[in-house]
Amino acid sequence: MGNKTFIVEIKNLFKSYRRGNQILPVLKDINLDIDEGEFLALMGPSGSGKTTLLNLIAGIDRADSGTIIVGGIEITSLSETELAGWRAYNVGFIFQFYNLIPVLTAYENIELPLLLTSLSKKERREHVEIALRLVSLEDRMDHYPGQLSGGQQQRVAIARAIITDPTILVADEPTGDLDRDSAVEILGLMERLVHELGKTIIMVTHDPRAAKMAHIIMHLDKGVLNANPQNHY
Amino acid sequence: MQILKIITKNALRHKLRTFLTILGVAIAILAFGLLRTVISAWYAGVEASSASRLVTRNSISLIFPLPLSYKDKIRQVDGVKLVSFGNWFGGIYIDEKNFFANYAVEPKGYLTLYPEITIPEDQKKAFLQDRKGAVAGRILIEKYRWKIGDIITLKGTIFPGEWDFVLRGIYRGRDKTVDESAFIFQWDYLNETLKKTTPLRADQVGWYMIGITNPNLAADVAVRIDKTFKNSLAETLTETEKAFQLGFISMTEAIIIAIKLVSFVVIFIIMVVVANTMAMTARERIGEYAVFKTLGFGGWHIARLIFGESLLISLIGCILGIVLTFPAADIFSSSLRTYFPVFNVATKTIYMDIGASVLVGSVAAVFPTWRAIKIRIADGLRRIG
Amino acid sequence: MKIPLLYSLRNLWTRRLTTVLTASGMALVVFVFAAILMLAEGLRKTLIETGSYDNVLVIRKAAVSEVQSGVDRLQASIVETQPEVALGSEGQRLLSKELVVLITLPRRGSDKPANVVIRGIGGSSLKLRPQVKLIEGRMPRPGSSEIIAGQSIAKRFKGGGVGETLRFAMRDWTVVGVFDAGNTGFNSEIWGDVDQLMQAFRRPVYSSVIFKLRDSSELEAVKSRLEHDPRLTLDALRETKYYEKQSEMMAKFLRILGISLTLIFSIGAIIGAMITMYAAVANRTNEIGTMRALGFQRVSILTSFLMESLFLAFIGGCIGLFFASFLQLFTVSTMNWQTFSELAFSFSLTLEIISIALLFALVMGFIGGVLPAFRAARMNILDALWKS
């Protein structure tokens, strides 16, 4: 596609963890470019570093060296405070165990990221209602997570993830805790986000079904990214 | 001992929480112990008093004196062995803040009646021989750094003027209950001076101290003494020294009751803290308890674990609290010295401490244990995930 | 405060048992604290109101209270001639020579004795004490064995009510009236004709002389003159100052005991709050990580947990104050160590005490919650998210 700008550009990324006296390298010289509107699956064996890579792209971990540019912003040079503010507007999270706040209703969970913006209560309401409609949960907006099924909770999580119209969505094993039907439902929803809303999704997964839904599959092994991604459209 | 090991391991799972709970118990036991010590300090006068000594005073109230002439009449009453007397002086040493008890006594009889006041023989002799002599308790000597031979001046409040005394002796208490911060001088000195300045106030006694032959007959002797002076110008009220002291205390009873109430409130507070901890702990381990049940362990086993942990925490906190009580009492006593010259941590207080913490440990464990025993295995197992 | 307050409140509600227990601990401490403040305030109020700013009390030099004091007739009449003494509507001197003694009377119901003040009064005595009002019966006739009793005496002591008789100084005295002295210590006194009482107790001297200043600022002038007069051995004080000094010992005792106890108790309550908040942080580690990931700053997390602790403390404080307010129904009747005499006073709740108590509760909540809140804020996002 030539000289267009990618939504995510990763150059020479290194990351290691210290355990006691030992230094364990997790990511070795990662170079990766991701197009806008891409649906990317990261796969690999346990300990391959795929979750670490995801965390670094999402801005919740810091690299040892290298640069990551997301939506034109070099996040590797941001301070912790700046990074937090950046995440609020630019990243949507979808976790394996949903990570909803148990004492907040579905509506309030979805609204949560909007509290970091300067929108008024009325404006927030409008956004939340749109998101609820998108995930088909308007009739459950006053329910607490404890009253929702796994699939419904993940739908709430997805609504929360897109509420600020973020630059990228990161998903860590989004179907890991779901039964077959719910998993299909969620993956379908994520696919719609990419096709209808043009969202960029980077997903870490073990689930071959999930990988099938993605456009590009990349493999990480021992901290090295497979140079030949498998594409299937 | 196996179970003690398990209980200890459990308690150490949440080191910070266990440490804080122990600290909480320790603080509460400390407070409880101090309050109890304040109450026993209040009763110190009663502890020090004897049932074989009587006190005779004016029946109207303590502020009215009795004539000196009563001395011989009392001496003649059946059952009376020895009569002495004294006047409350209430003098001020330099500043009102330096409060200590000071009174004039008829010395020979007084020292015989109160053998628990011990003075070295040579000092005793010097005191008896010097009309202006005075004897002070060990605490006063240490506080004001007096030496034998020093001239001590008191400003009279009841008997106005500047009064000089010569320190002739230092007394110590034979028992822990004796107030070692009093100042005693010769009644004759007071009287002779009054005869010259305000003769109308001379030959009057504040109270009589009476030693009796048979302590079991104290009540009878008291009645007989009072009968002697019934319908005279100054009627008397005679009671045992213990009753006399108790009478004082009953006047401030309201405050004592309040302090006792507060000490029980303290126990409630720690009960709440420990109960809170045990409730949290038990809730977190509900899954494990369900597992125990599936393995065949009964409610009894679970109860032992919970009660054991609760009691362990309470007792360790209790011991810590008791250890802290002693230095705390020392600090307390120096600031409350003017009110409580005798401030000791009684053995009884320590027993109460232990009792309180056992009670707390047990009660705190009740609800969590009940919950743990009642839970259905399936519900409990579900909670683990 | 980005994280909604509702989050904190709902969390407190979700773990109800723990919230109730912790708040109860705080409530108890605030209760004790407020009770002590209320008691000290009640004592202070009673004694301060007992004196009038315009009145001067004259007692013998170095005497600590009226009971210890003796002012002979000659000295008393010299005081009477001072120009600073105010004059009444009929031109009479507003001055009274009084006798104050203590007698032991048994309380109603328990028979336990207490030292009660008997005051021999003169014609102007009532005028010098505007706080005192006769509410039942009448004034005693001069020259008779009639007495009137303060409300507290009539209520609590045997023989203190109208029509009842008290026996002391070998005479029977009939109570012909009861007076209400408001919040003052006079409620615990019995008043009778000064000459009759002096005779009965065979006291040839007065205890004190009380007079009203014609001009409040002239205290120094008359005080100086009286204290330097070689014929006199007297001290003159403003009546309010005299009564203030009377409560010093008791007030100091209450203060020392009260403050040290409250400090110790508050440590207990703070520990309770700490335990609760540490547990809350530990249980919500996942949520903390999530909120951080979503973009909430560390400060927001810190504030949110601190708010939760403060709410807890505030609830406890309100409960404690609520129960403390009922103490106002009780009257404490005890012996004042300095004067040796019976004193009745009650718990007094003021706006100031309410504010101090709530502030105290909030401080406890703050201290208890600050360390756990910091722990929450300092968490590493990844560690928090991956905690199960």
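A residue counts as partly exposed when the number of other C-beta atoms within 10 Å of its own falls between the limits for buried, 20 or more, and exposed, 12 or fewer. The views below show a predicted model.

**View 1. B:Asp203, a non-glycine residue with a positive phi.** The phi angle of B:Asp203 is about 55°. This residue sits in the loop that runs between helix 8 (187-197) and strand 10 (204-205) of chain B. B:Asp203 has 13 C-beta neighbours inside 10 Å and therefore counts as partly exposed.

**View 2. C:Arg202, a non-glycine residue with a positive phi.** Here phi is about 50°. C:Arg202 is found in the loop between helix 6 (194-201) and strand 9 (208-212) of chain C. Because 10 other C-beta atoms lie within 10 Å, C:Arg202 is exposed.

**View 3. Helix 5 and helix 6 of chain A.** The axes of helix 5 (residues 150-162) and helix 6 (residues 180-197) of chain A come within 9 Å and cross at roughly 15°. Helix 5 of chain A is therefore roughly parallel to helix 6 of chain A, and their crossing is right-handed. Helix 5 of chain A contributes A:Gly150, A:Gly151, A:Gln154, A:Arg155, A:Ile158 and A:Ile162 to the contact, and helix 6 of chain A contributes A:Ser182, A:Glu185, A:Ile186, A:Leu189 and A:Leu193. By class, the residues of this contact are five nonpolar, four polar and two charged.

**View 4. The two assigned domains of chain C.** Domain 1 of chain C covers 5-48 + 248-385, and domain 2 covers 62-232. Their C-alpha centres lie 46 Å apart. In the contact between them, 12 residues of domain 1 of chain C meet 15 residues of domain 2 of chain C. On the domain 1 side, helix 2 (16-50), strand 11 (331-335) and strand 12 (342-346) of chain C are the elements that give two or more residues. That side of domain 1 of chain C is made up of five nonpolar, five polar and two charged residues.

**View 5. The contact of chain C with chain A.** Chain C supplies 16 residues and chain A supplies 17 residues. On the side of chain C, two or more residues come from each of helix 1 (5-14), helix 10 (285-294) and helix 13 (381-385) of chain C. Helix 10 of chain C provides the largest share of that side, five residues. The side of chain C that touches chain A has seven nonpolar, six polar and three charged residues.

How values were computed. Residues are numbered from 1 along each chain as its sequence is written. Chains are lettered from A and ligands numbered from 1 in the order in which they are written. This is a predicted model: local features need pLDDT of at least 70, side-chain atom pairs count only at pLDDT 80 or more; totals for chains, interfaces and linings use all residues. Two residues are in contact if their C-beta atoms, placed from the backbone, lie within 7 Å. Helices (H or I, at least four residues) and strands (E, at least two) are DSSP runs, numbered from the N terminus. Ala, Val, Leu, Ile, Met, Phe, Trp, Tyr, Cys and Pro count as nonpolar, Asp, Glu, Lys and Arg as charged, and the others, Gly among them, as polar. Axes are lines fitted to C-alpha atoms, for helices over the stretch in contact, and angles run from 0 to 180 degrees between N-to-C directions. Angles under 35 degrees count as roughly parallel, over 145 as roughly antiparallel, 65 to 115 as roughly perpendicular and the rest as oblique. A crossing is left-handed if the near helix is turned anticlockwise from the far one by less than a right angle, and right-handed if clockwise. Domain bounds come from an automatic or database domain assignment.
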